[in-house]
Amino acid sequence: MNALYENYFRKNLPHIWCSGCGNGIVMSAFARAMEQLGYDKNKTTAVSGIGCSSRITGYLDLNTLHTAHGRALPFATGVKMSEPEMNVFIFMGDGDCAAIGGNHFIHACRRNMDMTAIVINNHIYGMTGGQFSPLTPFGKKATTAPYGSVDPAFDLCELAKGAGANFVARGNVYHAKQLTDLIVAGARHKGFSLIEVMATCPVSYGRHNKMPKPIELMNHIKENTVSLARAAKMTPEELEGKVVNGILHQVDGKEYCQEYQNLLDRIQGGGK
Amino acid sequence: MLAKKQGHVTVVEKLCKACGICIALCPAQVFVAAPDGRARVADQEKCTACRICEMHCPDFCVEVEEIDNE
Amino acid sequence: MSKVRLVQGNEACALGAIAAGATFYAGYPITPSTEVAEQIAVLFPKIGGKFIQMEDEIASIGAIIGASAAGHKSFTATSGPGFSLMQELIGYAAITEIPTVVIDVMRPGPSTGLPTLSSQGDIQQARWGTHGDHSIIALSPSSVMEAYYETIQAFNLAEKYRTPVVLLMDEEIGHLKERFEVNDEEKPEIINRKAPEPGKEYIPYENTEDMIPPFAVFGSGYRYHITGLTHGEKGFYSSALPVVDAMIRRLWHKIEDRVDDICRFEQVDTADAEILLIAYGSTARSAEEAAEVLRAEGIKAGVLRPITIWPFHDQYIAEICQGRKAIIVPEMNMGQYVREVQRVVQDVPVHSLTRVDGEMITPTEITAMVKEVL
């Protein structure tokens, strides 16, 4: 195993994920991002919820907290608020983050606490065998949408932006190098950062949607993705069904822990 | 003129889950599929150390080492 | 120096938490517990503590577990509906053995129920509200002073036993204002979680002799994994039958085998009592009054007041009930604690006195029942 993985992964591989699963590609991109960020592993915590993607914390050689379905963000909020010096990453899946954890997600965006959330969006509940999630595209099939989903999907990045996240980016597992860059940029941005990662689930999503081979899903992502620069030159009709990649939103707003520290300084200094 | 980059690829067989991603994405066709579907290095010489395989392997089993050609 | 003042039960909890060394609070407003949050919001900034109002009760308990993993004594306060929402993560705190304190100011349920009145209806929910086998500690104060001291105890027990601890306080005590006096020089015993031994390999969920593994806080240099899945001693998921069995049994026995250390009771006039009233929380005050009235009338009555509700001390209850003429358990619910008493007491009749309209059980109701059963 190469030195990068030796440094950031625990010695408990192979992982549990199926052949061709995008989670491993995200984990690999994360290791490269950690290398670039140079964070002290002892001062870095990774928090996850429940689902395939959430098992990532079990393999990372960091302080790792594998929590309950949808609840990674509240736990992470407790870690970060109580220990603002800690670097905090949150790994979530699409169902985990956008369905059961949706309320926590919008409020974490609103608070703008300096943490980096990586949402691995494979458009499906993988661990329970392929049910549609709020991020499953309209019309796609799942075990609970055998005739195609009639549920409209969230645009998670727009949701995050609307809720107040200060850094919103979208990447994917095909553009793996860019994914590392996005994680690095998100982590360096002071405030709540979302990186939505379009990912592959050949077994529970691809199989139901005529893309059972990992490479078919990879190519599907490649063909459907347009960069921010290219998207700017496209008409709404041309953009229909396309996924825009890159840093979609970045502003410098008030960061929660800093604001709380300011409050502590004020009150302890005798203010009101 | 810069020397063309060259790499040395290894596949850690026990970690490979035969997804075929490296085989399909390698721009230089370094890999072939073994009968069990796992990736096998067929043409080491063609590797340009671009690391696309390494970055896309979901199982961390493809490693690329850049060869110093000085 | 000590200063006497009027303090409310909920406020006493906030003061007790600070005395215990709490530095993190996350909560969501809910009647009749909100004053705990309001007090902490005022007091924590003065001492550098962290207060955060979360989006709901699930988030609140998630945040306090996270903060506790990072080494901070953390707590939340809620009431019935919020306590119901917290149950899943109370189970998480139990299986991951992360010290947490939950103050549940009880109001009548089910559902939204009767938010502004009193109840003791969460006794069994505190014990079994989360799914699966686990043990838990729950305490119930009967006065404002006790709300203060039992909150300190709740933290001590959470730290010592690495478990969630529930302070079950009926609304009556939560909103009661009475004399509060704490001597500034008085330093209550404070217990902190056991840290790993330096130089020794750290096994996060080691089956140590005392069944309570040391706790390495996040950031202290021990990088390890915490999961709500069944796990082996190293903290990683395991479905191996002996591993799962050992883990669940240790969670159970680390508390259930320590009832002598954990359980505390107060006895009033029990020595010669033919009628034993077993009551907790505000109901115990009515029971004590009733016993006094009965004594004056020549009926030998006494009161046993469990301060510790869970774990249930089978042997202690069985022994103290022996030889009495009758046991009466008054409580503001349909008989949640009396079930336990009936489970361990066979030879003495055990009667249940219930009230579920949001009002306290009066001494008259108790004396009337005593006369009825005699």
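Trainee: What radius of gyration does chain B have, next to what a compact globule of 70 residues would have?

Mentor: Bear in mind that this is a predicted model. A compact globule with 70 residues would come out near 11 Å, and chain B agrees with that. Its C-alpha atoms fill a box of roughly 40 × 20 × 15 Å along the principal axes. The radius of gyration of chain B is 12 Å.

Trainee: Okay, and which pattern does chain B follow along the sequence?

Mentor: Start with the parts: chain B has two helices and four strands. Of its contacts between residues at least 6 apart in sequence, 56% join residues at least 24 apart, and buried residues make up 40% of the chain. Read along the sequence, the pattern is β-α-β-β-α-β.

Trainee: Over to the contact between chains A and C: which element gives the most to the side of chain A that touches chain C?

Mentor: Each chain puts 34 residues into that contact. On the chain A side, β2 (63-66), α3 (72-82), α5 (102-111) and α12 (256-268) each supply at least two residues. The side divides into 13 nonpolar, 16 polar and five charged residues. With eight residues, the top contributor is α3(A).

Trainee: Which residue of β9(C) is the bridge partner of A:His66?

Mentor: Here a strand from each chain is involved: β2(A) pairs with β9 (residues 225-227) of chain C. The two run in the parallel sense, over three bridges. In β9(C), the partner of A:His66 is C:Thr227.

Trainee: Now the five-strand open sheet in chain C: which strands stand at its edges?

Mentor: Follow the order, which is β10-β12-β11-β14-β15 with mixed pairing. The twist averages 20° from one strand to the next. An edge strand here has a single partner, so one side of it is left without a neighbour in the sheet. That applies to β10 (265-268) and β15 (350-354) of chain C.

Trainee: And what is the bridge partner of C:Ile328 in β15(C)?

Mentor: Look at β14 (residues 326-331) of chain C, which runs parallel to β15(C). Five bridges join the two strands. For C:Ile328, the partner is C:His351.

Trainee: Last one: what angle does α13 of chain C make with β14(C)?

Mentor: Two helices are worth a look here. Helix α10 (residues 281-296) of chain C lies across β10, β11, β12 and β14, at about 165° to β12(C). Helix α13 (residues 363-373) packs on the sheet too, touching β11, β12, β14 and β15 of chain C. Its direction makes an angle with that of β14(C) of about 150°.

Terms used: Residues are numbered from 1 along each chain as its sequence is written. Chains are lettered from A and ligands numbered from 1 in the order in which they are written. This is a predicted model: local features need pLDDT of at least 70, side-chain atom pairs count only at pLDDT 80 or more; totals for chains, interfaces and linings use all residues. Two residues are in contact if their C-beta atoms, placed from the backbone, lie within 7 Å. Ala, Val, Leu, Ile, Met, Phe, Trp, Tyr, Cys and Pro count as nonpolar, Asp, Glu, Lys and Arg as charged, and the others, Gly among them, as polar. Two strands pair if DSSP finds at least two bridges between them. The radius of gyration is taken over C-alpha atoms; the globule rule is 2.2 Å times the number of residues to the power 0.38. A residue is buried if 20 or more other C-beta atoms lie within 10 Å of its own, exposed if 12 or fewer, and partly exposed in between; C-beta atoms are placed from the backbone. Axes are lines fitted to C-alpha atoms, for helices over the stretch in contact, and angles run from 0 to 180 degrees between N-to-C directions.
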